[in-house]
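Take the structure below and walk through it with me, from the overall fold down to single residues.

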Amino acid sequence: MKKKYEIEIPEGADRVLLHACCAPCSTAIVEWMMAHGVRPTIYYYNPNIYPLEEYTIRKNESKRHAKSLGLDWIDGDYDHDEWRRGVCGLENEPERGRRCSRCFYLRLLASAKMTAQLGLRYFATTLASSRWKSIEQVNAAGLQAAAEVPGTTFWAQNWRKGGLQDRRNALLKEYNFYNQLYCGCEFSMPKEKPAEPSPLPQS
């Protein structure tokens, strides 16, 4: 009998689009996929991230990660104003509230559309690896997005289990990635100014 946390590959999922929220959350998932015959195309679409400087740092780290593994990497559009319009009225929602559900949906709908554009069937997201996120919210958003884009299927998976969380932390140090201190949007920023990020390795 398989344990509940065991990762199962959907039939025919040898190529998938992986929506990446950041490099640290991508590492263990990408490593696992590649070790099990799944080749991900990394899609970096995170218009929620604020300010632009923070977005740029995270984007470049994701690109560096994909490049080091020889993987295709797609830069999604950054339109923070459009994202703000998408979550309008939900600004005062708590973390894991309706704003987060809406944010996940907007990003995963774009991921589903990119999946179809590339001629792929499956898409997944690294959002499901963060202990700060509700997996139920992430999966609900992914399934809704897939339902709205014909021909796509969301690979709903708990990417925290099976030792992947510990592996993520090890790879974070191995790659010397910038490790962000908040989710990304201005509503999740710490009240006190975050410490200056450590210097990034030269690419």
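Predicted model: local features only at pLDDT ≥ 70, side-chain atom pairs only at ≥ 80, totals over all residues.

Residues are numbered from 1 along each chain as its sequence is written, and side-chain values use heavy atoms, with hydrogens and water left out.

Start with the fold. The protein has six helices and five strands. Here helices (H or I, at least four residues) and strands (E, at least two) are DSSP runs, numbered from the N terminus. Read from the N terminus, the order is β-α-β-α-β-α-α-β-α-β-α. The radius of gyration is 16 Å, close to the 17 Å that the globule rule gives for 203 residues, so the protein is as compact as a globular protein of that length. That radius is taken over C-alpha atoms, and the rule is 2.2 Å times the number of residues to the power 0.38. Along its principal axes, the C-alpha trace spans about 45 × 40 × 35 Å.

Next, the inside and the surface. Buried residues account for 50% of the 203 residues. Buried means under 20% relative accessible area, exposed means over 50%, and partly exposed lies in between (1.4 Å probe, protein chains only). The accessible surface comes to about 10,800 Å², and 50% of it belongs to carbon and sulfur atoms. These areas come from the Shrake-Rupley method with a 1.4 Å probe; for residues, only the protein chains shown count as cover.

Contacts tell how the chain folds back on itself. A contact means heavy atoms within 4.5 Å. Among contacts between residues at least 6 apart in sequence, 74% join residues at least 24 apart.

Leu-17 gives a local view of this. Leu-17 sits in strand S1 (residues 15–19). At 0% relative accessibility, Leu-17 counts as buried. Leu-17 and Phe-123 are 106 residues apart in sequence, yet their C-alpha atoms are 4.6 Å apart. Beyond residues up to four places away in sequence, Leu-17 touches a list of residues including Thr-41, Tyr-43, Met-114, Leu-118, Phe-123 and Ala-124.

Now the charges. The protein carries 28 positive and 24 negative side chains, and the centres of the two sets lie 3 Å apart. Lys and Arg count as positive, Asp and Glu as negative, while His and the chain ends are not counted. Each charge is placed at NZ of Lys, CZ of Arg, CG of Asp or CD of Glu.

Arg-98 lies in helix H4. With a relative accessible area of 53%, Arg-98 is exposed. Leaving aside neighbours within four places in sequence, Arg-98 is in contact with Leu-90 and Glu-93. Arg-121 lies in the loop between H4 and strand S4 (122–125). Arg-121 is partly exposed, at 45% relative accessibility. Not counting residues up to four places away, Arg-121 touches Glu-11, Thr-115, Gly-151, Thr-152 and Thr-153.

Cys-103 is in no disulfide either; its nearest cysteine sulfur, in Cys-183, is 6.4 Å away. Cys-25 counts as buried at 8% relative accessibility, and Cys-103 counts as buried at 7%.

Finish with the backbone. Most residues other than glycine have a negative phi, and most peptide bonds are trans. A cis peptide bond joins Tyr-50 and Pro-51, with omega about 0 degrees. Pro-51 is in the loop between strand S2 (39–44) and helix H2 (52–69). Arg-96 is not a glycine, but has a positive phi of about 70 degrees. Arg-96 lies in the loop between helix H3 (80–86) and helix H4 (98–117), and is partly exposed at 44% relative accessibility. Asn-176 also has a positive phi, near 55 degrees. Asn-176 lies in the segment after helix H6 (164–175), and at 39% relative accessibility counts as partly exposed.

Conventions. Disulfide = S-S within 2.5 Å.
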